[in-house]
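Q: Hi! Could you walk me through this structure, one piece at a time?

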2 protein chains.
Amino acid sequence: MAVFYGIGVGVGDSKAVTMKGVEALGKIDILYVPTAKKEGKSVAHNIVKDYLKSNLEIKERHFPMNYNQDELNEAWDSIANDIENDVREGKNVGFVTIGDPMVYSTYIYLLKLLKNKINIETIPGITSFLDIASSENFPLVEGENPLIVVPATIGTEKLKKYIKEEVSLVIMKVYKNFHEVIDIIKEEKLEKCSIVVSNSSKEDKKVYTDFENIDEKDISYFTTILINKGWEN
Amino acid sequence: MAVFYGIGVGVGDSKAVTMKGVEALGKIDILYVPTAKKEGKSVAHNIVKDYLKSNLEIKERHFPMNYNQDELNEAWDSIANDIENDVREGKNVGFVTIGDPMVYSTYIYLLKLLKNKINIETIPGITSFLDIASSENFPLVEGENPLIVVPATIGTEKLKKYIKEEVSLVIMKVYKNFHEVIDIIKEEKLEKCSIVVSNSSKEDKKVYTDFENIDEKDISYFTTILINKGWEN
């Protein structure tokens, strides 16, 4: 029976894909590729391009990045419908997603629409925080401490509380309120056990451990801060 | 220059190793293998055995599972010393670790002892919670919610607080206080958005979504509970 594969591909390095992911990419007849802009390039597609069969059918789908919920729902309903039809016709279908499919991924919307309708196999991927921690040799969490992964957009008070109270933190999407987050880290005197990484696994990756000299133009949507109070750079 | 590779190998399925991990396993001259019992089998070694060169030198090292800190320190100092010597002699050395090297891993101790002494390349792996989430098609976290990864051993009050207040949780090492954790989940009426998985990716894996019929003998040291208040089984 045909299968819909949701494949996590990591954040940039094609070698961060698992063997299982590569195997699934070799099995599929059709790959759905999400693009943020109309006719734009897909980061996820680019990561896996060397693993794809030459006769693979690619179906590019535009996902609006604006926040009009109706438009978003329509786009998701439409892609889910197309995937369902392809699988029912006996095609193995793939969908590639940056990082891991179950962690802040748009793939979760597809899963909601398709579960219990067709065979779905989800293949995990290396998240941005796992990628950064290993590439910078920065341990995330040890012993009985919790690991808190939190989007910077959660609000200043909540963010401050987590940073004050927890030992190990991953702060994602540090972009809009970059200064605010940096100020909290400085207030708490956590510079020495923090690291700022933007565009992990990409050519223009930047790593900062010195918080005094961060060049703001390096701070992108894909900026992550790791804090581990039990570790010093 | 020779390199020490710390390689995350996932939790059981050899295909969960990344391409980068497989590549590193092919480069190494010596593999250090941690075993929990004297002359016991190493889970991590077993996962990667198909990726190893036939002439690879295996150095098994016993890691005491008791909690005598002196013995532990001695074992770590000794293995770190051996690895350092091998790398200085020009050998590429590998160390395999279950899950991801930077998340609750013994590899972190080695990193502390060896950083700034030799070249270290850490290669991320699929953690147990990423493995479980994908294999059960159970989304971990969406939107602006934090993801809280917490060992069950943290204490009842703290655990209760996280379960009450947070939307997305991974509870690790649910073993000693299994009943306590289950009781909190029932009190909070979270059974429908929780999943219990023991021995993920192994032959004797058990998955429970029905909390009334959990067979206690299935609950092992490698039992994990995922909770996502935004999801229903």
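**Chatting through the chains**

A: Let's begin with chain A: its domain assignment gives domain 1, covering 4-123, and domain 2, covering 128-228. Keep in mind that this is a predicted model.

Q: Thanks! How far apart do the C-alpha centres of domain 1 and domain 2 of chain A lie?
A: Those two centres are 28 Å apart.

Q: And how many residues of each domain are in contact?
A: In chain A, 6 residues of domain 1 touch 10 residues of domain 2.

Q: What area gets buried there, between domain 1 and domain 2 of chain A?
A: About 640 Å² is buried between these two domains of chain A, with carbon and sulfur atoms giving 70% of that. On the side of domain 1 of chain A that touches domain 2, the residues divide into 4 nonpolar, 1 polar and 1 charged.

Q: How many salt bridges and polar contacts are there between those domains?
A: The count of salt bridges between domain 1 and domain 2 of chain A is 0. For polar contacts, there is 1 residue pair, both at pLDDT 80 or more.

Q: OK, new topic: the two chains. How many residues does each one bring to the contact?
A: Chain B brings 58 residues and chain A brings 57.

Q: Then what is the buried area between chain B and chain A?
A: It comes to about 4,400 Å², and carbon and sulfur atoms give 60% of it. Within chain B, the residues that lose the most area to chain A are B:Lys15, B:Met19 and B:Met102, which together make up 14% of what that side buries.

Q: Which residue does B:Glu142 bridge to?
A: B:Glu142 pairs with A:Lys112, and their closest N and O atoms are 3.0 Å apart. That pair links the loop between H5 and E6 of chain B to helix H4 (residues 107-114) of chain A. There is also a salt bridge between B:Lys112 and A:Glu142, where the closest N and O atoms are 3.0 Å apart.

Q: How many residue pairs are in polar contact between chain B and chain A?
A: The count is 30, with both residues at pLDDT 80 or more. Several elements of chain B supply at least two residues each to the side that touches chain A, including helix H1 (19-27) and strand E5 (120-123). The residues on that side of chain B divide into 32 nonpolar, 12 polar and 14 charged.

Q: Last one: how does strand E6 of chain A run relative to E6(B), parallel or antiparallel?
A: They run antiparallel, with 3 bridges joining strand E6 (residues 147-151) of chain A to E6(B). In that pairing, A:Ile148 stands opposite B:Ile148.

Terms used:
Residues numbered from 1 in each chain as written. Chains lettered and ligands numbered in written order. Predicted model: local features only at pLDDT ≥ 70, side-chain atom pairs only at ≥ 80, totals over all residues. Heavy atoms only, no water. Contact = heavy atoms within 4.5 Å. Buried area = accessible area lost by both parts, 1.4 Å probe. Salt bridge = Lys/Arg side-chain N within 4 Å of Asp/Glu carboxyl O. Polar contact = N/O pair within 3.5 Å; in protein donor to acceptor, adjacent residues only side chain to side chain. Helix = DSSP H or I, 4+ residues; strand = E, 2+ residues; numbered from the N terminus. Nonpolar A, V, L, I, M, F, W, Y, C, P; charged D, E, K, R; others polar. Pairing = 2+ DSSP bridges. Domains from an automatic or database assignment.
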